Amino acid sequence: MSIQIIYYSRYGSTGEIAQTIGKKLRTNAISDIRNLKEINGDLIIIGSAIFTEVPDEEILNLLKDEGGKLKDKQVAIFVVCLRKEYLKAGDKEVGGPVYIDKMEKALGRPPLTSKIFGGRMIVAELEGEDLKRTEEFSKKQGMPFKDVNVMAKGEVDEFIQDIKAKIDL
Ligand SMILES: Cc1cc2nc3c(=O)[nH]c(=O)nc-3n(C[C@H](O)[C@H](O)[C@H](O)COP(=O)(O)O)c2cc1C
């Protein structure tokens, strides 16, 4: 079975996770959505970093599949974020399950499997609006504005096990 991984990453952590998944599944077909040329494979693994509560728009458009390119393909999805757990704050729902739900809704059918990965934020790397937004957010929440890393190695293996439990690779 041929496998392609397509991802959106702004600061690199989602790209690193995509590369690790690719290495473990022995595929070199790993594409940044911004350089995507073709969709090629029986299993397509699609992942997005989360910024201001949403997956990347191009990733959502890919999942919506207006051109029918994902039709007849197995699709597994993942998100990379800092708030992995579901949280309801007033009438606002946030956290990993909410982000996965947005991806699933775009796909319009249940994915083969899905996974919420912990991500990483390095303050010194943040640019422009991202820097302003995250600084304001930390202040508002009364949190220190500092680097956060919740990436966990075992998560890739769990994701691969979930995939392998559903299909023969
Ligand atoms: C401006 C900004 C907004 C973010 N918004 C969210 C968010 O709404 N929910 C969340 O869980 N993580 C949020 N994050 C954390 C990112 O999802 C996390 O840093 C992720 O690992 C980034 O992936 P990348 O390194 O592939 O770009 C935000 C980070 C930044 C810089």
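This section describes the fold, central strands, core and ligand shell of a predicted protein model.

Residue numbers start from 1 along each chain as its sequence is written.

The protein chain contains five helices and 10 strands, where helices (H or I, at least four residues) and strands (E, at least two) are DSSP runs numbered from the N terminus. The radius of gyration of the protein chain is 16 Å, close to the 15 Å that the globule rule gives for 169 residues, so the chain is as compact as a globular protein of that length; the radius is taken over C-alpha atoms, and the rule is 2.2 Å times the number of residues to the power 0.38. The C-alpha trace spans about 50 × 30 × 30 Å along its principal axes. Of the 169 residues, 29% count as buried. A residue is buried if 20 or more other C-beta atoms lie within 10 Å of its own, exposed if 12 or fewer, and partly exposed in between, with C-beta atoms placed from the backbone. Among contacts with a separation of 6 or more, 73% are between residues 24 or more positions apart; two residues are in contact if their C-beta atoms, placed from the backbone, lie within 7 Å.

Strand β3 (43-51) pairs with several other strands, pairing being assigned if DSSP finds at least two bridges between two strands. β1 and β3 run parallel and are joined by six bridges, with Ile 6 opposite Ile 46 in β3. Seven bridges join β3 to β5, also in the parallel sense; Gly 47 has Phe 78 of β5 as its bridge partner, and Ala 49 has Val 80. β5 in turn runs parallel to strand β8 (residues 114-118) over five bridges, and Phe 78 is partnered there by Lys 115. Eight of the nine residues of β3 are buried, so this strand is largely enclosed by the rest of the structure. β5 is likewise mostly covered, with seven of its eight residues buried.

β3 also pairs with β4, in the antiparallel sense and over two bridges, and Phe 51 stands opposite Val 54 in β4. The hairpin of β3 and β4 has two residues between the strands. Thr 52, in the loop between β3 and β4 (54-55), has a positive phi of about 40° although it is not a glycine. Thr 52 is exposed, with 9 other C-beta atoms within 10 Å. A positive phi of about 55° is found at Asp 65, again not a glycine, in the loop between α2 (57-64) and β5. Asp 65 counts as partly exposed, with 17 C-beta neighbours inside 10 Å. Most residues other than glycine have a negative phi.

The largest nonpolar core has 34 residues, of which Ile 21, Ile 45, Ile 46 and Val 79 touch the most other members. Two or more residues each come from β1 (3-8), α1, β3, α2, β5, α3, β8 and α5 (154-166), and β5 gives the most, with seven. Such a core is a set of buried Ala, Val, Leu, Ile, Met, Phe, Trp, Tyr and Cys residues joined through C-beta atoms within 7 Å. Beyond its neighbours within four places in sequence, Val 79 is in contact with residues including Gly 47, Ile 50, Tyr 99, Met 103 and Ile 116.

Two partly exposed positions were also examined. Glu 104, in helix α3 (residues 96-107), has 16 C-beta neighbours inside 10 Å and counts as partly exposed. Leaving aside neighbours within four places in sequence, Glu 104 is in contact with Pro 110, Pro 111 and Ser 114. Val 94 lies in strand β7 (residues 92-94) and is partly exposed, with 16 other C-beta atoms within 10 Å.

The shell around the ligand comprises 23 residues, among which Ser 9, Thr 14, Ala 49, Cys 81 and Gly 119 come nearest; a residue is near a molecule if its C-beta atom, placed from the backbone, lies within 6 Å of it. At least two shell residues each are supplied by α1 (13-24), β3, β5 (74-81), β9 (120-121) and α4 (128-141). The shell divides into nine nonpolar, eight polar and six charged residues. Here Ala, Val, Leu, Ile, Met, Phe, Trp, Tyr, Cys and Pro count as nonpolar, Asp, Glu, Lys and Arg as charged, and the others, Gly among them, as polar.

Notes: This is a predicted model: local features need pLDDT of at least 70, side-chain atom pairs count only at pLDDT 80 or more; totals for chains, interfaces and linings use all residues.
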